[in-house]
Amino acid sequence: MARIVILGAGISGHTAALHLRRMLGKEHEVVVVTPNSKWNWIPSNIWVGVGKMTTEQVTFALAPIYRRKGIVLHQALGVAIHPEGNSFHKRAFVEISYTDPTRSGEKGEIEYDYLINATGPKLNFAATPGLGPDGHTVSVCTPSHAIEAASHLKDVIAKLKAGVAQRLVIGVGHGTCTCEGAAFEYAFNVEHELRLAGVRELAEVVYLTNEFELGDFGVGGMTFTQSGFETTSKLWTESLFRERGVHAILQSHVEKIEEGVIHYEQLDGIKRSLTFDFAMLLPPFRGVDMKAFNAAGEDISAEMFAPSGFMKVDANYTPKAFADWRAEDWPSTYQTPLYSNIFGVGIAFAPPHQISEPRKSVTGTLIAPSPPRTGMPSGVMGKTAALTISERILKGESTPAHHASMANMGAACIASAGSGMRTGTAAAMTMYPVVPDYQKYPGSGRSAKDTFGEIGLAAHWIKYLLHVMFIYKAKAKPLWFLIPE
Ligand SMILES: Cc1cc2nc3c(=O)[nH]c(=O)nc-3n(C[C@H](O)[C@H](O)[C@H](O)COP(=O)(O)OP(=O)(O)OC[C@H]3O[C@@H](n4cnc5c(N)ncnc54)[C@H](O)[C@@H]3O)c2cc1C
């Protein structure tokens with residue numbers, strides 16, 4: 001009998017848990033440790049944030065699904081990994097701290113044969129003074145954040161209706177943020193709602209970003225074919241900004257936020273400030289607070305985790321100039337170099353470098369979008385780790401690992417630009433590979449044939465369909481596993 005412990009039931013961890021349960025017989029145990037009782041389809045939080053969806057539409061309780069599937073659930077935080085055991089435990093184990101209201105404050109220790117770290121990001125609002133729901137801005141990263149954002153937006157719309165001009169700033173709250181695609185989506189969904197409410201004229205919508213140019217999205221932008229013509233995501237995105245009258249402030253690092261004022265520095269080294277009536281700025285991400293200890297109880301966190309707190313896996317982390325990075329430096333098995341039975345997947349793994357070229361301002365401030373690890377790659381990584389583990393359990397420990405590098409993987413991204421079955425719009429983009437491979441695809445680093453974009457109402461329908469399909473899949477309804485990651 002083997003026990004697999006999965007830390008985190010988000011997109012990657014939940015995918016891994018369901019596949020492991022499907023691949024392994026009941027004599028093996030699949031255990032999930034996760035702090036929230038509910039699963040969340042995070043992409044649709046954007047629609048919660050404009051009041052178009054409720055929390056109930058984007059979340060569901062995990063316990064009944066896990067009970068039906070035979071997955072053991074601990075509503076808890078993973079706090080420390082002991083990959084070599086200790087004087088009490090012969091086997092490797094994790095320390096957990098319960099968040100389950102019925103066991104709140106209780107600690108636990110769970111031994112494992114295999115461990116998947118799928119803990120996603122820590123929302124690091126603390127990196128920018130005044131950022132986030134405890135400061136002066138709102139967020140759409142969690143359903144409760146999004147509900148609060150929708151309520152503030154409603155107030156802003158009421159003021160606009162009363163004839164009071166409002167400035168809405170949407171973007172990222174630090175020079176090293178990722179997830180610019182989500183900020184872009186929220187900006188255009190808000191803009192769409194303002195138009196629907198008939199108050200667009202009095203509202204100024206500003207997109208504040210660390211991207212060097214529009215359409216970068218943290219992946220260095222894309223060159224693609226649209227309706228038979230080659231274009232770039234820069235041109236494509238700029239025309240949308242022009243068409244909708246959204247003003248963009250690029251190349252920015254937000255330094256601090258005071259009530260109604262954002263202070264930021266740009267690549268030219270000049271520090272500027274911008275007043276606002278409403279601001280949704282995403283936080284930078286870092287790895288969750290987790291430690292690791294060896295058999296002697298010595299802290300080995302610095303060997304297991306990168307300084308960003310993300311878990312080191314089979315990537316090449318040797319520091320290099322940006323131009324010297326190669327596609328093969330990206331991880332593909334997500335197995336940690338120190339312990340072959342530990343995997344780091346989804347946002348939890350440490351990327352070896354940025355995908356967009358990192359830049360510093362003339363005063364030395366780093367303004368560099370971090371590489372996005374979006375839903376599709378995160379799900380694929382979860383499944384890849386599950387395949388490796390299940391085969392090693394069933395066929396022997398020396399069975400080779402499965403591979404799925406982001407430098408050899410495509411991703412589809414549909415960025416909503418306003419919801420509504422008749423009035424909605426979305427920008428649908430696919431890219432292959434996610435991490436450009438300049439040796440294989442000289443020029444843009446990506447396959448022109450497999451990288452394309454379309455914008456329109458049909459893309460909104462697809463975005464909505466994905467919402468329905470992925471929630472169906474996550475609920476493990478009949479034939480769920482036929483829906484690709
Ligand atoms: C607003 C927003 C919109 C987005 N829209 C899109 C989109 O349209 N398309 C797309 O592809 N991607 C989108 N993304 C990105 C997508 O949500 C992520 O790629 C994806 O969720 C990453 O999966 P993950 O499993 O790594 O992390 P998550 O899905 O964040 O899961 C992490 C899990 O770990 C749990 N956890 C945290 N700490 C611990 C701990 N100590 N111990 C145990 N468990 C822990 C968390 O509670 C959570 O359940 C969006 C992101 C945001 C913020």
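This is a predicted model: local features need pLDDT of at least 70, side-chain atom pairs count only at pLDDT 80 or more; totals for chains, interfaces and linings use all residues.
The shell around the ligand holds 35 residues, of which G8, G10, G120, G346 and G375 come nearest. By residue class the shell divides into 20 nonpolar residues, 14 polar residues and one charged residue. At least two shell residues are supplied by each of α1 (11–23), β2 (29–34), α2 (45–48), β5 (72–82) and α9 (375–395). Both domains take part, since at least three residues of the shell are drawn from domain 1 (3–122 + 285–407) and at least three from domain 2 (125–284 + 409–482).

The largest nonpolar core comprises 130 residues, and those that touch the most other members are I4, V5, I6, V94, I116, A187 and V345. The helix α6 (residues 180–196) gives the most to this core, contributing eight residues. Because domain 1 (3–122 + 285–407) and domain 2 (125–284 + 409–482) both give residues to the core, it lies between them. For V5, when neighbours within four places in sequence are left aside, the contacts are V31, V33, V94, I110, Y112 and L115; among these partners, V94 is itself one of the core residues that touch the most other members.

Of the 13 residues of α1, 11 are buried, so the helix is largely enclosed by the rest of the structure. The buried residues of α1 are I11, S12, G13, H14, T15, A16, A17, L18, H19, L20 and R21, a list that includes the charged residue R21.

Some backbone features remain to be noted. Most residues other than glycine have a negative phi, and most peptide bonds are trans. Y432 and P433, however, are joined by a cis peptide bond with an omega of about -10°, and P433 is found in the loop between β25 (426–431) and β26 (452–456). Y334, although not a glycine, has a positive phi of about 70°; Y334 is placed in the loop between α8 (301–304) and β21 (342–344), and it counts as buried because it has 30 C-beta neighbours inside 10 Å. A positive phi, near 55°, is also found at A476, a residue other than glycine, which is placed in the segment after α10 (457–474). With 19 other C-beta atoms within 10 Å, A476 is partly exposed.

Technical notes: Residues are numbered from 1 along each chain as its sequence is written. A residue is near a molecule or strand if its C-beta atom, placed from the backbone, lies within 6 Å of it. Helices (H or I, at least four residues) and strands (E, at least two) are DSSP runs, numbered from the N terminus. Domain bounds come from an automatic or database domain assignment. A nonpolar core is a set of buried Ala, Val, Leu, Ile, Met, Phe, Trp, Tyr and Cys residues joined through C-beta atoms within 7 Å. A residue is buried if 20 or more other C-beta atoms lie within 10 Å of its own, exposed if 12 or fewer, and partly exposed in between; C-beta atoms are placed from the backbone. Two residues are in contact if their C-beta atoms, placed from the backbone, lie within 7 Å.
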